[in-house]
Amino acid sequence: MTNSYADPPGAPTLKDMEPTTAALALGALAALTAVAALVLKRTPERARRVRDARPIDLSSLGIEGPGERATIVQFSTEMCARCPGVRRVISGLITPGVEFVHVDVTHRPEIASQFNLLQTPTVLLLDPAGRARTRLSGAISREALARELTELTSLAGGPHVASLAR
């Protein structure tokens, strides 16, 4: 079997690379990878605003309607290691007018598809009209969730989320 790809005449190949140059190139690649990992790790959570703010059919999630000030929807799976911790964090932030619903999508792939769930936990913060306003995924800190929920509930009026002091 012949290789149909041919280097242009006089072009350097990997066989021509000096060992020192190869070591420097690998070192630079490793350093770049380490920097990228640190930058990504410093990004505490992945909270993003939802652009398509159409009301969600909450009956498909097993609830009658949205909370007076907000609704928190947590999607998880049976095998999710982070989900119980996120659920405890959410439970500590619930105040009057803020509803919480937990949806296990392990045996409900249609829900995972409907909400384009790529990882769990994924948390949606819904406004009083039932429209998703913020989506958080992955390891979610108490501070980040409280900040997003405070912002959402302040738009709806009334007292803010439970105190961050523990």
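This is a predicted model: local features need pLDDT of at least 70, side-chain atom pairs count only at pLDDT 80 or more; totals for chains, interfaces and linings use all residues.

Fold first. The protein has four helices and five strands. If you read along the sequence, the order is α-β-β-α-β-α-β-β-α. There are 166 residues in the protein, and buried residues make up 34% of them. The accessible area of the protein is about 10,700 Å², with carbon and sulfur atoms supplying 59% of it. On contacts, take those between residues at least 6 apart in sequence: 70% of them join residues at least 24 apart.

Now the cores. The largest nonpolar core has 16 residues, and the members that touch the most other members are I56, L61, V73, F75, V103 and F115. Which elements each supply at least two residues of this core? They are strand β2, residues 70-76, strand β3, residues 98-104, helix α3, residues 109-114, and strand β4, residues 122-126. Apart from this core lies another one, of 15 residues, with A70, V89, A146 and L149 among them.

Let me stay with L61 for a moment. Setting aside residues up to four places away in sequence, L61 touches I56, V73, F75, V101, V103, I111 and F115.

I111 sits in helix α3. Is I111 buried or exposed? I111 is buried, because its relative accessible area is 2%, and the cut-off for buried is under 20%. Leaving out neighbours within four places in sequence, I111 is in contact with S60, L61, F75, V103 and V105. I111 and L61 are 50 residues apart along the chain, and their C-alpha atoms are separated by 8.1 Å.

Next, the cysteines. The structure holds one disulfide. The partners are C80 and C83, with sulfur atoms 2.1 Å apart. What is the handedness of this disulfide? The torsion about the S-S bond of C80 and C83 is about 90°, so the disulfide is right-handed. As for accessibility, C80 is buried at a relative accessible area of 11%, and C83 is buried at 4%.

On to charged side chains.

D127 takes part in a salt bridge with R131, the closest N and O atoms being 3.0 Å apart. D127 also forms a salt bridge with R133, and there the closest N and O atoms are 2.8 Å apart. Which residues do the shared partners join into one network? D127, R131 and R133.

Last, the surface. L26, L29 and L32 form a nonpolar patch there, and together they have about 340 Å² of accessible area. Where is L32 found? L32 is in helix α1, which covers residues 19-42. L32 counts as exposed because its relative accessible area is 58%, and the cut-off for exposed is over 50%.

To recap in brief: there is a largest nonpolar core of 16 residues and another core of 15 residues apart from it. D127, R131 and R133 form one network, and L26, L29 and L32 form a nonpolar patch on the surface. That is what I have for today.

Terms used. Residues are numbered from 1 along each chain as its sequence is written. Side-chain values use heavy atoms; hydrogens and water are left out. A nonpolar core is a set of buried Ala, Val, Leu, Ile, Met, Phe, Trp, Tyr and Cys residues joined through side-chain atoms within 4.5 Å. Buried means under 20% relative accessible area, exposed over 50%, partly exposed in between (1.4 Å probe, protein chains only). Contact means heavy atoms within 4.5 Å. Patches are made of residues with over 30% relative accessible area and no salt bridge: like charges are joined within 9 Å, nonpolar side chains (Val, Leu, Ile, Met, Phe, Trp, Tyr) within 5 Å. Accessible areas come from the Shrake-Rupley method with a 1.4 Å probe; for residues, only the protein chains shown count as cover. A salt bridge is a side-chain nitrogen of Lys or Arg within 4 Å of a carboxyl oxygen of Asp or Glu. A disulfide is a pair of cysteine sulfur atoms within 2.5 Å.
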